[in-house]
Amino acid sequence: MTWNGYICVKYPVVIMSDISINNLEIQYEQNTVIKQLSLHIEQGCFFTLLGPSGCGKTTLLRTLAGFIAPASGEIRFGQQDVTRLPAHKRDIGLVFQDYALFPHHHVADNVGYGLKARGIARDELQVRVDEALEQVALSDYRDRFPAQLSGGQKQRVALARALVIKPRLLLMDEPLSNLDARLRLQMRELICRLQRESGITTVFVTHDQEEALAMSDQIAIMQSGKIEQIGTPKEVYATPANAYVADFIGSANLLPSHVQKTDAHSGNNEASQKQWVVRPEQLILRRSAHPDCQQVLVRSAQYLGHKTSYQVEWAHEGEVHQLQVDSPYPHHQIELNEGDRAYLAFPKRMHRV
Ligand SMILES: Nc1ncnc2c1ncn2[C@@H]1O[C@H](COP(=O)(O)OP(=O)(O)OP(=O)(O)O)[C@@H](O)[C@H]1O
């Protein structure tokens with residue numbers, strides 16, 4: 001193989017893309033499931049679509065892939081309008097929840113499939129498949145059939161198959177859902193590392209908020225075919241745009257903003273219909289009374305190892321509020337029990353939605 005050829009194999013030209021979606025509307029027969037959706041995904045971004053079952057994540061992903069034609073609107077990869085471009089011309093890598101490997105092909109053939117379809121010469125194909133298998137630590141499994149692999153190994157093959165073609169866009173639909181908890185963590189790290197190293201713009205679908213927070217550069221939180229907020233993991237967690245986002249990302253206590261005590265703590269006395277968002281870990285429980293604390297009744301205590309999660313009841317100005325309070329290890333050693341009186345400290349600053 002020539003020096004030029006080698007360089008070509010090792011560093012094939014990858015056309016990177018940002019993605020623009022403008023006023024996209026997607027229907028199944030008469031039913032509109034994506035409504036006037038617009039968003040922009042920066043080149044190289046790990047972008048996650050997060051939302052409950054049925055909100056339209058997969059529909060949007062499949063439309064980006066070219067499997068569903070939108071009723072109206074526009075999709076651009078970089079400068080190129082791909083709205084009506086067939087799937088096989090979009091230059092995308094796909095990873096699905098159920099792996100979608102060819103059962104009668106060896107691992108190496110599965111990984112090399114996309115390269116073969118693109119007419120890549122045998123020598124180059126071999127080198128790139130070897131490289132991809134090495135990246136996912138499956139070099140020793142190249143001659144096995146998918147049925148001879150574990151779930152995690154199958155998903156690594158699927159990942160290698162998607163990345164080996166150096167796509168300009170990587171689309172992943174709940175790729176970790178079939179894996180057990182420990183394997184999920186390992187795969188999260190692998191996917192994030194390979195995505196960072198390759199710099200391929202990635203759209204990742206999940207309904208798992210922890211996965212979204214851990215892996216993403218940007219998260220779009222969806223509800224009923226619409227986007228409620230787009231932001232970094234910190235932005236959507238610390239400053240949710242509305243009560244839906246606050247409740248969907250992590251756990252949230254939502255208090256009506258007329259609660260004066262919390263107003264005083266936030267230094268904001270403005271009256272409105274809005275709500276305070278207080279995360280369970282922002283609240284502190286004490287055994288003894290303190291001027292800045294509110295007396296509460298412990299309704300339940302769940303020991304979870306790394307924290308204890310309490311449900312407490314706060315009676316305030318004729319209203320009773322139920323709050324979740326998480327005390328991280330080792331604070332849970334205060335060991336409050338159901339029926340105990342305790343004293344609750346609110347954070348100095350609270351976010352309002
Ligand atoms: N082929 C189809 N024909 C008709 N309706 C469909 C079809 N596929 C999905 N839908 C509907 O479109 C809506 C969005 O579905 P979609 O699969 O995109 O949601 P999702 O957010 O990916 O859900 P999940 O997390 O359960 O996969 C749902 O109401 C669903 O019932």
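In what sense do strand 1 and strand 2 pair, and over how many bridges? In this predicted model, local features need pLDDT of at least 70 and side-chain atom pairs count only at pLDDT 80 or more, while totals for chains, interfaces and linings use all residues. Residues are numbered from 1 along each chain as its sequence is written.

Strand 1 (residues 19-28) pairs with strand 2 in the antiparallel sense, over seven bridges; pairing requires at least two bridges found by DSSP. Helices (H or I, at least four residues) and strands (E, at least two) are DSSP runs, numbered from the N terminus. I21 has L39 of strand 2 as its bridge partner. Helix 2 packs on the sheet and touches strand 1, strand 2 and strand 4 (72-77), contact being defined by C-beta atoms, placed from the backbone, within 7 Å. The direction of helix 2 makes about 65° with that of strand 2; axes are lines fitted to C-alpha atoms, for helices over the stretch in contact, and angles run from 0 to 180 degrees between N-to-C directions.

Helix 2 (residues 57-65) also supplies the largest share of the shell around the ligand, three residues. The residues around the ligand are Y28, V33, G51, S53, G54, C55, G56, K57, T58, T59 and H207, where near means a C-beta atom, placed from the backbone, within 6 Å. The shell divides into three nonpolar, seven polar and one charged residue (nonpolar: Ala, Val, Leu, Ile, Met, Phe, Trp, Tyr, Cys and Pro; charged: Asp, Glu, Lys and Arg; polar: the others, Gly among them).

Conventions. Contact = placed C-beta atoms within 7 Å.
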